[in-house]
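Hi everyone, thanks for making the time.

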Amino acid sequence: MAKSLFSLNRPLTPDEMIERRRQLVRLGLAWLAMMQVMMFALPGYLHRGDIPVDSLDVLEWAIFLMNWVSFVMTIPVILYSAWPIWGGAMRAWSLRRVTMDVPVAISMIAAFIPSAIATVSGHGEVYFDSITMFVAFLLTARYFEMRAQQAVDASTRSETLQTLCQPLM
């Protein structure tokens with residue numbers, strides 16, 4: 001049994017090392033973009049009706065500009081960092097099954113498309129901060145899951161799975 005999530009009972013195969021590095025790059029990009037997009041979303045949170053007109057004009061210009069920057073920074077997260085989610089959703093779709101990736105992919109589309117339309121039109125709410133945060137947290141959980149699976153000895157894992165597969169009665 002593994003003592004820690006970060007300890008290994010066996011050396012990793014080259015394929016496991018490559019997959020771990022890919023996940024770390026995807027995870028790093030998602031977290032970096034999430035922090036930046038959250039920072040760019042701040043002007044949108046400051047918008048209130050009781051601001052003087054000259055300040056309101058500057059704030060609306062800042063919101064417009066930051067929405068575009070957030071849009072540009074969210075695209076790599078959607079296309080590269082979330083690639084495992086898209087792949088899982090496509091595999092599930094081809095097998096005519098619903099896995100966790102399917103509603104996640106639908107929710108990313110449902111948040112990204114209206115946000116992109118609002119950014120291009122200059123009117124409406126954007127949810128780029130929510131999208132990047134969702135992807136970053138989901139990829140973090142998946143990375144910890146992968147590390148835990150790699151930390152458990154393969155023979156122990158198969159033994160435990162066999163006992164879990166026994167009929168209850």
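Now some ground rules. This is a predicted model, where local features need pLDDT of at least 70 and side-chain atom pairs count only at pLDDT 80 or more, while totals for chains, interfaces and linings use all residues. Residues are numbered from 1 along each chain as its sequence is written, and side-chain values use heavy atoms, with hydrogens and water left out.

How confident is the predictor? With pLDDT being its confidence in each residue, from 0 to 100, the chain has a mean of 87, and 85% of its residues reach 70 or more. Confidence is highest in helix H5 (residues 101-121), at a mean of 96, and lowest in helix H7 (residues 154-164), at 64. Where pLDDT is low, the predicted coordinates should not be read in detail.

On to the fold. The chain has 7 helices and 0 strands; here helices (H or I, at least four residues) and strands (E, at least two) are DSSP runs, numbered from the N terminus. Of the 169 residues, 33% count as buried. Taking contact to mean heavy atoms within 4.5 Å, 68% of the contacts between residues at least 6 apart in sequence join residues at least 24 apart.

Is Phe71 buried or exposed? At 16% relative accessibility, it counts as buried. Setting aside neighbours within four places in sequence, Phe71 touches Phe112, Ala116, Thr119 and Phe128.

Two of those partners bring us to aromatic pairs. Rings of Phe, Tyr and Trp (its six-membered ring) pair if their centres lie within 6.5 Å; planes under 30 degrees apart count as stacked, over 60 as edge-to-face and the rest as tilted. The structure holds 6 such pairs. In one of them, the rings of Phe71 and Phe112 have centres 5.8 Å apart and planes at 15°, so the pair is stacked. This pair links distant parts of the chain, with Phe71 in helix H3 and Phe112 in helix H5, 41 residues apart. Both Phe71 and Phe112 are buried.

And here is Phe128 again: Phe71 and Phe128 make a tilted pair, 5.8 Å centre to centre with 50° between the planes. Phe71 lies in helix H3 and Phe128 in helix H6 (residues 128-151), so this pair ties together parts 57 residues apart in sequence. Together, Trp68, Phe71, Phe112 and Phe128 form one aromatic cluster.

Let's move to charges. Side chains of opposite charge can pair when their charged atoms come close. A salt bridge is a side-chain nitrogen of Lys or Arg within 4 Å of a carboxyl oxygen of Asp or Glu, and the structure holds 1. It joins the side chains of Asp101 and Arg142 (2.1 Å, N to O). Asp101 lies in helix H5 and Arg142 in helix H6, so the bridge ties together parts 41 residues apart in sequence. Asp101, at 10% relative accessibility, counts as buried, whereas Arg142 is partly exposed, with a relative accessible area of 22%.

That's my tour, and I'm happy to take questions.

Note on methods
Buried < 20%, exposed > 50% of the residue type's maximum accessible area, 1.4 Å probe, protein only. pLDDT = per-residue confidence, 0-100.
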